[in-house]
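Reader: I would like a close look at one strand and what it pairs with. Please keep it short and plain.

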Amino acid sequence: MDGFEYITYEDWGRRFFEVAVTEERVASAFGAIAGDQFEMGPMGQGPGRIARVTAKVKIREPQATRSLGETISFAIRIPLDIQLIVDLRLEKYRFTVDGEVALRAVARGGEGLLLILDVAKPRPSDISVHVSSKSIRGEVVRIIGGVDAEIRRFIAAHVSDQIDAPEAKKAQVIHVAEMIDEAWTGI
């Protein structure tokens with residue numbers, strides 16, 4: 001046919017991935033999966049589980065940065081705002097936390113013409129938090145109770161559960177052949 005510049009199947013496939021799997025699409029997909037907020041607790045903490053910890057987590061707009069190399073990979077950052085209460089039964093301490101979940105994902109091709117976004121589960125070290133209290137007693141409770149580490153651990157576990165959820169698994173796989181079948185109108 002005249003008027004077209006031909007390329008190899010390999011080049012076409014690579015270009016397809018680069019056009020189909022963009023930073024905006026990946027960030028949007030993570031925003032849809034993550035939702036906009038969730039609550040944790042109350043959870044027993046400390047010796048004898050005397051402290052009760054409750055958190056309200058607000059999820060802000062995810063950001064994705066794409067790296068083109070042998071694979072197409074993404075560094076995803078999900079900012080969080082957390083209102084945390086540590087109830088020691090005699091007194092309640094309120095903390096304001098801002099943090100971020102760092103995720104890694106790779107776009108892969110699968111048999112049956114699948115486009116798969118393979119997401120690695122976060123470790124507590126992939127969660128960064130900045131905790132502040134309005135009182136000196138609160139800061140002492142935060143330090144002695146290891147509040148920062150507990151927040152990272154709980155958020156990593158929650159995000160891992162979200163990645164494993166059936167609706168998230170479904171969103172990570174795009175059946176390209178089915179989409180072509182639906183769109184093909186013939187000649």
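Author: Start with strand β2, residues 51-59, where the side chains alternate. Ala51, Val53, Ala55, Val57 and Ile59 point to one face and are buried. Buried means under 20% relative accessible area, exposed means over 50%, and partly exposed lies in between (1.4 Å probe, protein chains only). Strands here are DSSP runs of E with at least two residues; helices are runs of H or I with at least four; both are numbered from the N terminus.

This is a predicted model, so local features need pLDDT of at least 70 and side-chain atom pairs count only at pLDDT 80 or more, while totals for chains, interfaces and linings use all residues. Residues are numbered from 1 along each chain as its sequence is written, and side-chain values use heavy atoms, without hydrogens and water.

Now the neighbours. Strand β1 (residues 37-45) runs antiparallel to β2, joined by seven bridges. Two strands pair if DSSP finds at least two bridges between them. Methionine 43 has valine 53 of β2 as its bridge partner. Eight bridges join β2 to strand β4 (residues 72-87), again antiparallel. There, threonine 54 has isoleucine 85 of β4 as its bridge partner.

Follow β4 onward. Arginine 77 and glutamate 100 meet through their side chains in a salt bridge, 3.6 Å from N to O. Glutamate 100 sits in strand β5 (residues 92-110) and arginine 77 in β4, 23 residues apart. A salt bridge needs a side-chain nitrogen of Lys or Arg within 4 Å of a carboxyl oxygen of Asp or Glu. Arginine 77 is partly exposed, at 38% relative accessibility.
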